[in-house]
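The exercises below ask you to work through two parts of a structure, step by step. Please look at the sequence and the 3D view before you read each solution.

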Amino acid sequence: MVDPGIVAAVAIVYLLILFALAYWVDRRGQGERAINSSIVYTFSLAIYCTSWTFYGSVGLASKGGIAFLPIYLGPTLAFALGWLLLRKILRVSKANRITSLASLIASRFGKSSSLGALVTVVALVGSVPYLALQLKAVSTSFTVLTEGASRAASLASGSIVGDAGLWAAMLLTLFAMLFGSRSIQPGEHHYGMVAAVAFESMVKLLCLTAVGLFVGFGLFHGFGDLFRRAAAAPGLADLFRFQGASAHLNWIGLTAVSLMASLCLPRQFQVMVVENVNERHLDRAIWLFPLYLLAINLFVLPIALAGRMLLPAGADPDSMVLSLPLASGAPLLALLVFIGGLSASAGMVIVETAALSTMVSNDLVMPALLRYRHRQLAARADLIPLLLTIRRLAMVGVMGLGYVYMRYVGEAYPLVSIGLVSFVAVAQFFPVILFGLFWRRATRIGALAGIALGFLTWAHTMFLPAIAGSGLLPMSYLTDGPFGIAWLRPHALFGLDSLDPVVHALFWTMLLNCGAIVGLSLFTRQSAVERAQAALFVDVFGGAEAAQLWRRTAPLPDLRTLVGRFLGQKQAEAAFLDRARRRGLDPGGIEADAEMVLYAERLLAGAIGSASARVLVSSVVTEEPLGVDEVMRILDETSRLIEVNRELEEKSRALELAGAELRQANERLQELDRLKDDFVSTVNHELRTPLTSIRSFSEILRDNPQLDAGRRDEFYAIIIREAERLTRLINQMLDLAQIQSGQIATVIGPADLIDVIDDAVAATSRILLDKGVTVTVRAPAAPVRPVALADRDLLMQVLLNLLSNAVKFCPAGHGQVSISAAAPEPGWVEFAVADNGPGIAPELRDVVFERFRQIGSSQTGKPSGSGLGLTICRIVVRRLGGTIWVEGPAQGGALIRVRLPAATPAEDGSRLERAPQPAFAAPVQMPK
């Protein structure tokens with residue numbers, strides 16, 4: 001055990017350090033700059049991890065194993081997948097100076113004060129169990145550390161004066177006032193509080209990690225040893241898998257409720273939205289926050305398993321994190337754990353009470369005062385002290401309710417059960433937010449009915465059963481239902497008794513909540529203000545502005561004085577002066593236009609809420625509806641803007657398409673440039689080599705007239721061969737240029753394929769003989785003769801190119817070339833040239849026809865030639881109305897097939913002249 005005085009002193013010193021940090025950030029005059037970091041923003045979001053995480057998750061894991069994970073899967077999914085919703089909430093809140101969850105919902109539905117009040121009441125009642133959870137955690141951990149776990153189990157029977165929970169409530173309330181209600185800030189930014197909360201998040205992570213490492217390496221020989229011993233221990237193996245037939249359904253329900261709660265808890269909304277200083281921080285938080293959740297839960301299961309194995313049977317599961325170091329003789333580590341748990345609780349309490357006090361002040365008390373004490377408020381020149389007093393009293397009241405719940409209800413339940421009661425309560429806001437941000441037709445009546453029905457169902461299925469379980473209500477309420485009506489039993493509503501109580505409550509509350517919102521919204525009408533706010537919220541990314549359906553003017557001095565009563569006169573003067581200068585207006589003007597009135601309303605909304613701000617501004621504003629002509633002008637202007645926006649979107653899409661096409665064209669040009677370089681290099685080599693040979697041997701013949709006849713004939717033969725090679729290259733380039741330019745007149749007539757093939761084989765007999773290639777010609781049986789309707793000379797050129805190409809790739813000495821001709825179907829004839837060379841890979845069968853493209857392999861290397869032969873073939877075949885393509889396996893030979901129009905019998909004796917045409921006609925579809 002540790003001396004109570006030491007524990008109390010350490011706790012107070014730690015809280016003073018937090019306050020000093022917050023005070024330093026606020027007073028240095030650069031508070032926003034101090035927290036303008038995505039890292040700080042992420043650590044402030046980690047306020048989600050309260051004492052529930054620090055103590056309760058270990059307690060749940062010790063009984064249910066991995067059943068604690070859904071509570072953290074929900075927020076992980078919310079941030080990883082719900083970034084659009086998060087960004088929309090942020091954007092809307094910044095544009096409208098939203099300062100609380102109640103203000104967001106009330107502002108969306110026509111700045112409704114009744115809706116804001118309902119949201120506040122639901123949030124207040126729903127948060128009480130969560131506050132009680134924190135007080136119970138602090139109280140229990142203090143007692144375990146100073147008196148032992150056995151004493152902690154009997155806290156409820158002790159006196160109130162000696163209850164550590166009461167002193168914790170008083171101390172945390174004091175610090176909540178110091179952090180959250182020292183002044184009224186526009187937009188309700190508390191830079192110091194955010195810095196302190198971020199620091200607390202680091203502390204609790206380090207403390208829980210320290211315990212985890214102590215358990216793994218101090219109490220066991222590593223985590224492998226821990227898990228092996230746990231797997232062998234009786235009753236612990238079940239903790240590693242789903243337990244119960246409904247475990248999967250429970251996981252889905254808990255994940256869903258935690259997802260909704262992570263966005264709708266007042267403290268989460270405060271740090272995620274209200275305290276956000278830069279929307280871009282969300283970009284990193286969407287993966288950093290889930291990473292934090294993973295890190296802080298990394299050692300939960302090992303600690304739970306160690307507690308089950310090492311602590312006595314019946315030990316309090318929620319105290320295992322603290323009991324293990326104490327039982328192992330590590331009091332300093334236990335004190336560190338207490339500080340970590342205090343950090344987890346204190347951060348939540350401070351931010352939650354600050355957020356709730358703002359909601360109570362802005363959406364409950366101020367609207368009531370404006371309605372029933374308007375004259376008394378008008379007599380006050382400075383209302384800031386009144387606002388601060390209301391908020392401080394609200395903090396005391398909220399903490400008082402939390403303590404009462406802890407004392408008389410919460411002691412009967414584990415931490416996780418208490419927290420889930422609050423989760424389901426605040427989840428009732430999620431449908432309203434979702435529909436409000438994405439559905440224009442959602443109405444105020446639908447939102448009121450949805451939240452009210454969900455709240456009443458929650459109270460019946462979760463809140464009142466918790467009170468009954470503590471003995472404050474008769475147990476017959478649970479077993480028999482209210483007034484003995486069995487089908488209204490809280491945990492078996494309408495006979496549905498197969499679900500876990502939490503999943504059961506979530507199912508019915510969401511069903512009634514969503515049903516009321518959708519159903520009533522479809523059958524009720526929106527007011528003009530609702531329609532304007534709906535457009536502003538739903539189309540926030542489209543740059544929507546608040547629609548001015550009234551002509552609103554006000555004396556500028558009155559407007560300035562009104563704002564100054566809530567923000568301070570100096571701050572109000574500076575705000576209006578800055579706004580006037582930005583708009584190019586006279587700062588000393590006496591009349592405020594509609595835009596300036598709206599600006600003043602938003603300034604006030606940042607301090608007292610949107611509903612109260614609208615009521616106050618209306619007291620000094622002259623407001624009259626716009627005439628029909630003015631409304632039509634606004635509608636015309638809006639329509640024009642919408643049309644312009646649509647045209648811009650279309651142009652943007654067209655630019656994107658054009659950009660993609662340009663990128664493709666650029667890639668093609670780069671490829672052509674590379675091919676051009678290869679061609680130039682190839683032509684340079686192909687021209688220089690024969691010229692060099694011709695020149696060299698000519699010089700030898702000139703300088704050595706006495707050479708014997710045999711050598712002289714050999715040199716002459718070389719010169720002739722190289723000259724022929726040079727001629728072929730030049731002819732190919734000239735042919736390609738002439739064909740592409742359409743300067744060659746084609747003479748179309750019957751062309752017998754067998755005759756053309758025989759002529760081509762005879763013309764290439766020399767190169768066939770030189771390389772030792774055997775040619776086989778396969779023709780259809782007589783009397784069938786495949787006759788093409790083509791230019792015979794051009795057809796001959798195609799065959800020569802294909803035959804030369806086949807010979808080039810055949811192995812020397814045992815090459816085989818096969819040429820076949822056929823009439824496969826009426827109206828068409830075909831011929832094919834096949835070889836036994838290395839073949840052409842399937843992915844290269846289209847590119848071989850490109851200009852300058854030469855296909856080689858690691859064995860054959862780059863082949864000789866210009867890379868123009870197959871290109872000429874394709875151009876000529878297309879010009880003749882045919883198709884050319886590659887067939888055959890990737891290895892063991894290639895086959896190139898040509899299909900051409902067949903000559904009809906009537907055309908056999910005729911010859912047709914075809915004028916020159918462009919070479920690049922539309923390609924013919926290759927037959928399947």
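Axes are lines fitted to C-alpha atoms, for helices over the stretch in contact, and angles run from 0 to 180 degrees between N-to-C directions. Helices (H or I, at least four residues) and strands (E, at least two) are DSSP runs, numbered from the N terminus. The model is predicted, so local features need pLDDT of at least 70 and side-chain atom pairs count only at pLDDT 80 or more, while totals for chains, interfaces and linings use all residues. Residues are numbered from 1 along each chain as its sequence is written, and side-chain values use heavy atoms, with hydrogens and water left out.

**Exercise 1.** Describe how helix 7 and helix 22 cross, and state which residues meet.

*Solution.* Begin with the axes of helix 7 (residues 101-108) and helix 22 (residues 430-438), which come within 10 Å and cross at roughly 45°. Helix 7 is therefore oblique to helix 22, since angles under 35 degrees count as roughly parallel, over 145 as roughly antiparallel, 65 to 115 as roughly perpendicular and the rest as oblique. Next, consider contact, which means heavy atoms within 4.5 Å: L101, L104, I105 and R108 in helix 7 meet V432, I433, F435 and G436 in helix 22.

**Exercise 2.** Work out the strand order of the open sheet of five strands, and then follow its pairings.

*Solution.* Two strands pair if DSSP finds at least two bridges between them. On this basis the open sheet has the order 5-7-8-10-9, with mixed pairing. Its edge strands are strand 5 (773-778) and strand 9 (883-887), each of which pairs on one side only.

Now take the pairs in turn. Strand 5 and strand 7 run parallel and are joined by six bridges, and V775 has V817 in strand 7 as its bridge partner. Strand 7 (residues 815-825) and strand 8 run antiparallel, with seven bridges between them, and S818 has A834 in strand 8 as its bridge partner. These two strands form a hairpin with two residues between them, and G827 in the turn has a positive phi of about 90°. Strand 8 is also joined by seven bridges to strand 10 (residues 895-901), again antiparallel, where P901 is the bridge partner of W828.

**Exercise 3.** Is strand 8 mostly covered or mostly uncovered?

*Solution.* Buried means under 20% relative accessible area, exposed over 50%, and partly exposed in between (1.4 Å probe, protein chains only). In strand 8 (residues 828-835), seven of the eight residues are buried, and the strand is mostly covered.
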